[in-house]
Amino acid sequence: MSDVNHWRRVVLWWLGTSIVATLLVVLFLAPILPPGNGSVEASGQVVDNTVLLGISTPIAMAVLVYFIYALIVFRERDTTAVLDGPAIRGDARIQTWWLVVTTGIVLFLAGYGTVRMLADGAGGGQGPNPIAKPAGAARALQVQVIAQQWKFTYRWPSYGGVETATLELPSNRMIEFHVTSLDVIHSFWAYQLGVKADANPGFDNVAYVTTKGPLTFDIHCAELCGVWHGYMFEKGRVVRPNQFSAWITQQRAQNVPATKSLPPYSKQYFPDPQRRGG
Amino acid sequence: MSGYAKRVTGIVVVAAAACVLLGLYIGLYLTNQPGSASAAQSPAGAHLYLGTVPASEGTDPHPSWVSYYAVDAASRNWRHDTTFVVPANTVVTVTIYNYDGQSGLRNPFISQSQGTLSGGFTLDGKPTRQIGPDTASHIFAIPELGVSVPVYGVPDDAKNQCANAPCGLATAHSTTTFSFRTGKPGVYRWQCFVPCAAGYIQGWGGPMQTVGYMDGFVKVV
């Protein structure tokens, strides 16, 4: 081979392209990453996705740069003679660096993910006894999410236990979702709020979210739950606190007959089967 | 033709026939859909008449399954259609003749009507807002339009009960009527929320999971 230092060339190319690509990703792609900025947790997820992309971009560039460099520089120019290349031999220095770098990345991600999750639960369901309670959780507004085939309804223990067919939330307020199901396994996914929590029958799954400004968000079931699973979606709204007060007052008045029929509020909503349906 | 050529020809013919049959099966599957029933038009708006029975007709593929049917104003002319066609931006009145018994709701909240023009409905001619959760036979709900109305079930001790479709008004039944306003054209699903599928776990299998019995589409055109 020639005296060209391929290793140095590849590293320089990798360094240059990585800096450019990572800057492009962080500056232009990160702001439009899902799930958006509908809540503190959603914004946190965007930061997490940005960090992950920022770390994985140089790794992807290393693979791409080496691949393209090898295709161009190490290609066989004499097509009449197909010869095998030099034998590949182990290199303790490269192997050591490989182990150090990959172990470092994995350990960092494990630590980063754990710290981020423990901060506020990251919008995920934490079961009945959450360990990642955000600061101020004791003052959170409780909302029970009741899933059934194929609709979500919502119950409000702070407002006389009224149940509503739609979901409206006050802006800039911490919400404590208690997600459960009446029948099969569903999953409550409030996309722009960055909330996803399984709805299991007879089980209280707690998820925290702190809303931001007014917005309309999409609610989907994220667990295949039967023939109309694909239709189990609706819109929720985050509104100003005074609008929320008016809405919940109107809901309480409108749903007086139904509220009288409801069982006392409980964190598990799993009434006994009725007549023939049992 | 040599033996080898014959074998190759035979394989090609069989493969082509299999492809045609498979294509036909897929084509029929994709284009097959339950029949539809259009709302009756009148100067007052559109009127949809439905019937619900504890069991379908004896000739149905599932004669023991509970089901909705499209009927006429006198509860005759039963058709096993669960796609209902209604006009856009119109008041649609729905009358449901229910011949089925009481199954009960898992979620009592749904025993109250939602999304109708008056907020309520009439049950056997009486203005009503809610029925006892245990007395519900079915629900007629179009979740995307916010419409949900409970259907009162025939009491267990009622005389002259009807078992299989078609059922006449001379047999025990309840009559539920409500109105709602349609918006822009679109296809919306409707469904029952009462776990009314007898013989299935918690009443949620069979006709509750099969389009054409306790669910279907409302086509707003």
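# Briefing on a predicted two-chain model

Ala122(A) is found in the loop between helix H3 (92-120) and E1 of chain A, where helices (H or I, at least four residues) and strands (E, at least two) are DSSP runs, numbered from the N terminus. This Ala122(A) has a positive phi of about 60° although it is not a glycine. The structure is a predicted model, in which local features need pLDDT of at least 70 and side-chain atom pairs count only at pLDDT 80 or more, whereas totals for chains, interfaces and linings use all residues. Residues are numbered from 1 along each chain as its sequence is written, while chains are lettered from A and ligands numbered from 1 in the order in which they are written.

**Confidence**

- The model scores ipTM 0.84 and pTM 0.86.
- Chain A has a mean pLDDT of 91, with 96% of its residues at 70 or more, pLDDT being the predictor's confidence in each residue, from 0 to 100.
- Within chain A, the element with the lowest mean pLDDT (89) is H5(A), and the one with the highest (98) is strand E4 (residues 168-170).
- For chain B the mean pLDDT is 92, and 99% of its residues reach 70 or more; among its elements, strand E2 (residues 40-42) has the lowest mean (87) and strand E7 (residues 121-123) the highest (97).

**Domains**

- Chain A is assigned domain 1 (6-74) and domain 2 (137-261), with bounds that come from an automatic or database domain assignment.
- The centres of these two domains of chain A, taken over C-alpha atoms, are separated by 37 Å.
- Their contact takes nine residues from domain 1 of chain A and 11 residues from domain 2 of chain A, two residues being in contact if their C-beta atoms, placed from the backbone, lie within 7 Å.
- On the side of domain 1 of chain A that touches domain 2 of chain A, the residues divide into three nonpolar, five polar and one charged; here Ala, Val, Leu, Ile, Met, Phe, Trp, Tyr, Cys and Pro count as nonpolar, Asp, Glu, Lys and Arg as charged, and the others, Gly among them, as polar.
- Chain B is divided into domain 1 (1-32) and domain 2 (36-220), and the C-alpha centres of these domains of chain B lie 45 Å apart.

**The helix pair H1 and H2 of chain A**

- Helix H1 (residues 6-29) and helix H2 (residues 40-73) of chain A pack at an angle of about 140°, with their axes 8 Å apart; axes are lines fitted to C-alpha atoms, for helices over the stretch in contact, and angles run from 0 to 180 degrees between N-to-C directions.
- The residues that make this contact include Trp13(A), Trp14(A) and Val25(A) of H1(A), and Leu53(A), Met61(A) and Tyr66(A) of H2(A).
- By class, the contact of H1(A) with H2(A) has 15 nonpolar, seven polar and no charged residues.

- Five strands of chain A form an open sheet in the order E3-E2-E1-E5-E8, with mixed pairing, where two strands pair if DSSP finds at least two bridges between them.
- Strand E3 (162-164) and strand E8 (205-210) of chain A stand at the edges with a single partner strand each, so one side of each is left without a neighbour in the sheet.
- From one strand to the next, the twist averages 25°.
- E2(A) and E3(A) pair in the antiparallel sense over three bridges, and Arg155(A) stands opposite Glu163(A) in E3(A).
- Trp150(A) lies in the loop between E1 and E2 of chain A, and the peptide bond from Gln149(A) to Trp150(A) is cis, with omega near 5°.

**The sheet E4-E10-E9-E6-E7 of chain A**

- An open sheet of five strands in chain A has the order E4-E10-E9-E6-E7, and its pairing is mixed.
- E4 and strand E7 (195-199) of chain A stand at the edges, each with a single partner strand, so one side of each is left without a neighbour in the sheet.
- Neighbouring strands of this sheet are turned by 20° against each other on average, direction ignored.
- Strand E6 (residues 186-190) and strand E9 (residues 215-221) of chain A pair in the antiparallel sense over three bridges, and Phe188(A) stands opposite Cys221(A) in E9(A).
- Helix H4 (residues 241-254) of chain A packs on the sheet, touching E4 and strand E10 (233-239) of chain A, and the direction of H4 makes about 140° with that of E4(A).

**Contact between the chains**

- The contact takes 26 residues from chain A and 31 residues from chain B.
- On the side of chain A that touches chain B, the elements that give two or more residues are strand E1 (141-148), strand E2 (151-156) and helix H5 (256-261) of chain A, and the largest share, three residues, comes from H5(A).
- By class, this side of chain A has 12 nonpolar, nine polar and five charged residues.
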